[in-house]
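Colleague: Before we go through this model, I would like to know what the terms rest on. Please show it to me, and then I will ask.

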Amino acid sequence: MTDAAPTTDPTPSTDPASSALSAGAANPAAPESGAAEPVSLRERLLALAERQIAVGEVLGAAEADPVNIPMIRHWTDAMGDTNPLYTDPEAAAAGVHGEIVAPPAMIQVWTMPGVDGSRRKRAGTPIDPVLAMLDGNGYTGVVATNCEQTYHRYVRLGESLVPATRLTSVAGPKRTALGEGYFVTWNVTWYADGEAVADMLFRVLKFLPRERAGEPDASTSATGGNGAAASGNGLTPARDVPSGPPPAQEVPAQETAVRDVPAAGEDASPRAPYPLRPAVNADTAFFWEGVAAGELRIQRCADCGELRHPPGPVCPSCRSAARTFVTASGEGEVYSYVVHHNPPVPGLRTPFVVAVVELPEGVRIVGNVVDCATSQVGIGMPVRLTYRQMDDELILPMWVPLEA
């Protein structure tokens, strides 16, 4: 918990924030008389951003449900947090707070907009028109890049939290591995009875998906990929390059939705470039060379022998920069997993499974589990490695049930 000074007035005004928002957001003010009309997207976007930043902090609507023990219990169960101060009345009464408090990291949970976003639409934020302009101009890809939270105090049962949002910057266009995009940054402050209890800086990249002319239809678009949800290991989502011929049986599109390598005599026309590509650098090149050779390579310290993944420049144990690798067996078991439903991910069909797979060699790796229904995936499930052809150049590793 960071005990930092609030970044906004602890007693936000409730004067016509929504009116200002509606004037500057839904219908952004036209340029002053005599001013040149912005013509390029960048000019129009930055002009809109300037107006939205000037709107300042906009107070949202209070949520229907106050801080409550059932939600805390669900969250702590899901996160594996066993701190009794969050769920045990007796332990909490004897603790430093004297009562049950909510885990600070839950702060965003209390005011999430819901799956259909209806609560956010009702309240409105200065961010909405900026994102809408980007969406309307084809920048429909989105990936979160930064989330920094500051907690001023614990929140208590029965408190109703109100979020207040302000746009802070729009930067771009930037060339990224995902494509050209704009970085949009905003701040959210949560208030309880006028007191700021937490702040969050949040930044996303809104990017223009690469041209996918001739891309397969929905029944053959990818549903899985290594590292779809966690890119710290440089592995990204995917399409199957099994070492042998394609399986004869037809697998439901929801479960694999990928194309195998064309068999002899089949049409091998060029594939559209896959939109999410791995970052290959001096630390990870050996891994991707292994993928091309059909090997799962794990980095090993050349001095102390410790294995590590994701790969890095320095051994975390002995600090040696000398490194080599070993080839893993290609089998493991699901240590943890999530089923991703929303938001949409370029090149993938939802739902898909992103798992942390524990290898017998002693390291864990992030990847997608495919060739089975999402409901069949479970912790401890034995899996084996396979490879998927994403486009004419990219092959990615992922996991299938061991018995498949």
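**Cavities, confidence and backbone**

Modeller: The largest cavity has a volume of about 50 Å³. This is a predicted model, in which local features need pLDDT of at least 70, side-chain atom pairs count only at pLDDT 80 or more, and totals for chains, interfaces and linings use all residues. Residues are numbered from 1 along each chain as its sequence is written, and side-chain values use heavy atoms, with hydrogens and water left out.

Colleague: What makes a set of points a cavity?

Modeller: On a 1 Å grid over the protein atoms alone, a cavity is a set of points where a 1.4 Å probe fits but cannot get out, and lining residues have an atom within 4 Å of a point. Grid points are joined across faces, edges and corners, and the volume is the space filled by probe spheres set on the points. Among the residues lining the largest cavity are Tyr-151, Arg-153 and Tyr-154.

Colleague: How do the residues of that lining divide by class?

Modeller: Ala, Val, Leu, Ile, Met, Phe, Trp, Tyr, Cys and Pro count as nonpolar, Asp, Glu, Lys and Arg as charged, and the others, Gly among them, as polar. The lining of the largest cavity therefore has nine nonpolar, no polar and one charged. The second largest cavity, of about 40 Å³, has four nonpolar, two polar and three charged residues in its lining.

Colleague: What is the average pLDDT of the protein?

Modeller: The average is 78, and 73% of the residues score at least 70; pLDDT is the predictor's confidence in each residue, from 0 to 100. Over residues 1-33 the pLDDT is below 50, and beyond near neighbours in sequence this stretch has 58 contacts in the model, a contact being heavy atoms within 4.5 Å. Residues 212-266 also have a pLDDT below 50. Where pLDDT is low, the predicted coordinates should not be read in detail.

Colleague: Why is Asp-193 called exposed?

Modeller: Exposed means over 50% relative accessible area, buried under 20%, and partly exposed in between (1.4 Å probe, protein chains only). Asp-193 has 79%, so Asp-193 is exposed. Asp-193 also has a positive phi of about 55 degrees although it is not a glycine.

Technical notes
1 Å grid on protein atoms, 1.4 Å probe; cavity = no way out; pocket = protein on both sides within 12 Å on 5 of 7 lines; lining within 4 Å.
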